[in-house]
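Me: I am new to this structure. Please show me how to read its features.

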Amino acid sequence: MSLPRLSINRRVGVAMFYVAVVVLGVLSFRRLPIDLLPDIAYPKLVIYKTYPDVAPIEVERFVTERIEQSVARVPGVERVESITREGISLTVLNFAWGTDMDFAALNVREQLDQIRDQLPNPTDRPYVLRTDPRSEPIAAISVSGPNDLWALKDLAESVYRRRLEQLDGVAQALVTGGLEREIHVDVDLGKLDSYNLTLQQIKTALERSNVSSAGGSILQGRFRYPLRTLGEIQAVKEIEQLVVARPQLRRPRSRRT
């Protein structure tokens, strides 16, 4: 007997079968868990190593190539990619899906420890970073207005970021972009030579005059209050009045009679 003839002769049974399929589908859909950020471990590791003030060719030769040769022996590695810049080496390891990334990271660190003495600056160990989608920002908010970029960033740091961090479920809010306030000090080279001073002395004077440090504490009854010495520069005019150096007066020699 063919399937169409069976379906015609058993109309009630076929109808009940499809009703059961629909009911099971509805129940499964209602009980299906939904997660906005599921726990997904991307099979990827990033090795970050710095070699400051060195050209990309030397970084690739002494850092990137040695790291690639070492981590290529790690089980589960499918592809190795690298990016070399001035003073920075990035090596990306792509593993097969289903690889236990905890053991993979442990194997990578073991291979890096074996070539630690072969890399420049052995005290600076390479960093092994994992790509976690849960650490990515879930929302990006842009701020615009008639003010300049410095004022907008200051507003975002002092008002918007603090308000967002007070919301339930928000772990961290970061502010990127904008402008950082800087003060450029122009030095008159003619006066610098006439006073027999150097740029290093001016730099040292600026650093020493822009420091706040602890000043001890005061005990009053059962309470102890800490003291701070505020020495940070608050206005541009204070930089103009900064004392760079003081002349050393020679003491007159005493005459013996």
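Me: How many bridges join strand S5 to strand S6?
Reply: Strands here are DSSP runs of E with at least two residues, and helices are runs of H or I with at least four, numbered from the N terminus. Two strands pair if DSSP finds at least two bridges between them. Here 6 bridges join S5 (residues 213-220) to S6 (residues 223-229), and the two run antiparallel. Leu-219 stands opposite Arg-224 in S6. S5 and S6 form a hairpin with 2 residues between them. Gly-221, in the turn, has a positive phi of about 70°.

Me: What should I know about the model itself?
Reply: It is a predicted model, where local features need pLDDT of at least 70, side-chain atom pairs count only at pLDDT 80 or more, and totals for chains, interfaces and linings use all residues. Residues are numbered from 1 along each chain as its sequence is written, and side-chain values use heavy atoms, with hydrogens and water left out.

Me: In what order do the 4 strands of the open sheet stand?
Reply: The order is S2-S3-S1-S4, with antiparallel pairing. S2 (77-85) and S4 (127-130) stand at the edges with a single partner strand each, so one side of each has no neighbour in the sheet. From one strand to the next, the twist averages 20°. Angles run from 0 to 180 degrees between N-to-C directions, using axes fitted to C-alpha atoms, for helices over the stretch in contact.

Me: Which helices pack on the sheet?
Reply: Contact means heavy atoms within 4.5 Å. S1 (residues 44-50) and S3 (residues 88-95) pair over 7 bridges in the antiparallel sense, and Tyr-48 stands opposite Leu-90 in S3. Helix H3 (residues 56-71) touches S1, S2 and S3, and its direction makes about 165° with that of S2. Helix H4 (residues 101-114) touches S1, S3 and S4, at about 30° to the direction of S1.

Me: How many aromatic pairs does a search of the whole structure find?
Reply: A pair of aromatic rings is described by the distance of the centres and the angle of the planes. Rings of Phe, Tyr and Trp (its six-membered ring) pair if their centres lie within 6.5 Å; planes under 30 degrees apart are stacked, over 60 edge-to-face, the rest tilted. The search finds 2 pairs. Phe-17 and Tyr-18 are edge-to-face: 5.6 Å centre to centre, 80° between the planes. Tyr-48 and Tyr-127 have centres 6.3 Å apart and planes at 40°, so that pair is tilted. Tyr-48 lies in S1 and Tyr-127 in S4, so the pair ties together parts 79 residues apart in sequence.

Me: Is Phe-17 buried or exposed?
Reply: Buried means under 20% relative accessible area, exposed over 50%, partly exposed in between (1.4 Å probe, protein chains only). Phe-17 is exposed at 52%. Tyr-48 is partly exposed at 27%.
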